[in-house]
Amino acid sequence: MFKITFIQSPFVLNPNSIISFLLCILLSGSLCAQNTSPLKSFSINNKAVVVYATAKNTDYKLSQTETIQFVNKPQPTEREVCVFVDASKTFQTMLGIGSALTDASAETFYKLPKDKQEEFLIAFYDREKGIGYSLARTNIQSCDFSSESYSYVQHNDMELKTFDISHDLEYRIPFIKQAIAAAGGKLTLFASPWSPPAWMKDNNDVLHGGKLKPEFDQSWANFYVKFINAYAKAGVPVWGITVQNEPMATQKWESCVFTAEEERDFVKNYLGPTLHKNGMADKKLIVWDHNRDQVFQRASTILKDKEAAKYVWGIGYHWYETWTGSPMLFGNVRNVAESFPDKNLLFTEGCIEKFDMARVNDWALGEKYGQSIIRDFNSGTVGWTDWNILLDEKGGPNHVGNYCFAPVIADTRTGQLIYTNIYYYLGHFSKFVRPGDKRIISSSNRESLLTTAFINAEGKLAVIVMNTSDDKIPYQLCISAKAAALTALPHSISTLLVQ
């Protein structure tokens, strides 16, 4: 078991931040997407930079590498490579970072020896020895990353009298409860359905798309309430739900199609009112939950309708728009943030597809994560959720052969855990960017250096710098007419703690 030692950065609310937060709630009914007042005034005086790095072709894996002092530097030249940080400009409040706790992850976890289970939980949820995950997602009924298709209700039970989560009590719920305990007793969990029961759909199939029949709109809305209550009774509190996973995809696995208008009307007329009538107005309702390519069209259609928008906490999105040959479309996310600043953006799923054990050491895996997380946060996103937290040596289990990568792969034949560099790239954010922190301005004057930055309640900064090039790049971290001289190793990511 590896051990990484981190510097703690606890989150403590001050009175001004409490007042600002309450005003946000009163004005918008949700977390403020933007706030121009920092949690605490920042001063660069007597501060140093503590560097944590992960780099290709080195032994650095979230390793503390150096501490650098600031020197006076009023104006860099154009030839100098710089990352400029301004802590006086603050934006969205962070919700958390984590991965999905699916059937596949749970089943794989319980195939591991007890000592490896403990190692895994520490690696992901312990803030001192691991990367301190604070956010999670799970599936409502079966998804592709289940060993089989299953439902919580029996055929044609419109009143849901047979609703039963016994399936989840075997692996998934115990797994989630262990994750919550490992995270210190608190883990923000949201849940997503892949499909209603087959008999509620016009294709009479949980697979291959299809649509919810109008006569079952209310029964399906009641289903979410049943799920939230059943999980709470089992000891797993649900913070929020998405309406439908990938509502514009007809997949060979569990799927269901909602147009933007259909999702809007279902939220407005059924799901939103049903949650409120059942005392669940505090549960966060997230729409879309699909790719960046159509995120603005979906958000615009739903949020321009005031009766629908009043139930919506935010917009969820994925990164699979690349299946069309497109690059990742971060500008669409920014358009939503700018157009609907009273709503929140949440990255709800992303993974590397087409699992191949020969690629577990491929550095490009983690770099895709780093690029996406930086650009998503800079576009206004409040939280980032990876897909399966753990998969087996085949990239499953998956009942339709849709095998994928995960940050950690468990070889269930040997009981060993394989840490891909996805784990370390995610850790550069999840460990140091905590719930309640605010994003601040961080800009680079070179395309090969990506950056984002955050300030916590104590006025300490976490600046992430990612070098996507083959070159070693010396650069200056410039804050308030002072600079620290640093070097970004080739294909590296660094978290710079200014404290």
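Which residues in H3 are buried? I took this as my opening entry, keeping in mind that the model is predicted.

**Helix H3.** I looked up H3 at residues 114-125 and noted 12 residues, with a reach of 16 Å from the first C-alpha to the last, which is close to the 16 Å expected at 1.5 Å a residue. I then listed the buried residues of H3 and found Lys116, Gln117, Glu119, Phe120, Leu121, Ala123, Phe124 and Tyr125. When I checked what these buried residues pack against, I found several elements, including helix H2 (103-109), helix H5 (172-182) and helix H12 (421-430), as well as strand S14 (408-411).

Strand S9, residues 284-291, gives the most to the lining, with 3 residues, and I sorted the lining residues into 11 nonpolar, 7 polar and 5 charged.

**Backbone entries.** I noted a cis peptide bond between Gly396 and Pro397, with omega at about 5°, and I placed Pro397 in the loop between S13 and S14. I also wrote down Asn46, which has a positive phi of about 60° although it is not a glycine, and which sits in the loop between helix H1 (15-28) and strand S1 (48-55). Is Asn46 buried or exposed? Asn46 counts as exposed because its relative accessibility is 82% and the cut-off for exposed is over 50%. My last entry is Asn57, found in the loop between S1 and strand S2 (63-69), where phi is again positive, at about 60°, in a residue that is not a glycine.

Technical notes:
Residues are numbered from 1 along each chain as its sequence is written. This is a predicted model: local features need pLDDT of at least 70, side-chain atom pairs count only at pLDDT 80 or more; totals for chains, interfaces and linings use all residues. Side-chain values use heavy atoms; hydrogens and water are left out. Helices (H or I, at least four residues) and strands (E, at least two) are DSSP runs, numbered from the N terminus. The expected span of a helix is 1.5 Å times one less than its number of residues. Buried means under 20% relative accessible area, exposed over 50%, partly exposed in between (1.4 Å probe, protein chains only). Contact means heavy atoms within 4.5 Å. Ala, Val, Leu, Ile, Met, Phe, Trp, Tyr, Cys and Pro count as nonpolar, Asp, Glu, Lys and Arg as charged, and the others, Gly among them, as polar.
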